[in-house]
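Please keep the sequence and the model in view while reading.

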Amino acid sequence: MLLTRDDDRNVPLDERTAIANNNKADLFISLHANGSMRPTTSGASIFCAAFDKDAAQAAAAGGAERLPTFGGGSRDIELVPWDLAQTRHLDRSERFADLLEQQFHDRVPLSSRVIDRAPLRVLESANMPAVLIELGYLTNAEQAKLLASDAFQVTAVQAIYEAIVRFRDAYMAGGTP
């Protein structure tokens, strides 16, 4: 496990995914607490990246370019714009989101729409399965108190851990989680 931060310093969005990409991470999880203008809004949500349909299809279709290599010869290299790197991992990102929802069920209060897609910059250049988790709303007084409690934090982390283990076991076995 690699944390992009363990204190309150602000790490730019692009740097967060760059850290994961440069360290060849197998999974990217961006963990947050949400806010809303409506103080009654509550519940955890899980987001996968969303892309313009045409751009995503073009990136997913890929296309290799033949480039020269050192020592002679050539090699096919798949070129995908960096801000579309996540497109090739969307299916596995969604599978991981499903596992998270299963583990959160009856343990973490959930929003009415638990899994959603959004064009979130922090996810789009992750070159691995990636999700963003909003654990709850700090603008909801009851939920803010819950989010700050040790018991909730332990429960949420345990649920995330169990989803990771299930995803790893299925992914490493060559199956689909």
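How do the residues of the lining of the largest pocket divide into nonpolar, polar and charged? The division is 17 nonpolar, three polar and seven charged, where Ala, Val, Leu, Ile, Met, Phe, Trp, Tyr, Cys and Pro count as nonpolar, Asp, Glu, Lys and Arg as charged, and the others, Gly among them, as polar.

This is a predicted model, in which local features need pLDDT of at least 70 and side-chain atom pairs count only at pLDDT 80 or more, while totals for chains, interfaces and linings use all residues. Residues are numbered from 1 along each chain as its sequence is written, and side-chain values use heavy atoms, with hydrogens and water left out.

The largest pocket holds about 1,100 Å³ of space. It is lined by 27 residues, and Met-1, Leu-2, Leu-3, Leu-27 and Ile-29 are the closest to its centre. Two or more lining residues come from each of helix H1 (13–22), strand S1 (28–34) and H6; H6 provides the largest share, eight residues. A pocket is here an open set of points on a 1 Å grid over the protein atoms alone, where a 1.4 Å probe fits, with protein on both sides within 12 Å along at least five of seven lines; lining residues have an atom within 4 Å of a point. Grid points are joined across faces, edges and corners, and the volume is the space filled by probe spheres set on the points. Helices (H or I, at least four residues) and strands (E, at least two) are DSSP runs, numbered from the N terminus.

The second largest pocket contains about 280 Å³ of space. Of its 13 lining residues, Leu-31, Ala-33, Leu-135, Leu-147 and Gln-153 lie nearest the centre. The elements S1, helix H5 (141–148) and H6 each give two or more residues to this lining, and H6 has the largest share, with five. By class, this lining has 11 nonpolar, two polar and no charged residues.

Leaving aside residues up to four places away in sequence, Phe-104 touches Ala-44, Ile-46, Leu-110, Ile-133, Leu-135, Ala-156, Ala-159 and Ile-160, a contact being heavy atoms within 4.5 Å.

Charged residues remain to be considered. Side chains of opposite charge can pair when their charged atoms come close. A salt bridge places a side-chain nitrogen of Lys or Arg within 4 Å of a carboxyl oxygen of Asp or Glu, and by this rule there are five salt bridges. In one of them, Glu-94 meets Arg-117 at 1.9 Å, N to O. This pair links distant parts of the chain, with Glu-94 in helix H3 (residues 90–104) and Arg-117 in strand S5 (residues 110–118), 23 residues apart. Glu-162 pairs with Arg-107, their closest N and O atoms being 2.8 Å apart. Here Glu-162 lies in helix H6 (residues 150–172) and Arg-107 in the loop between H3 and S5, 55 residues apart.
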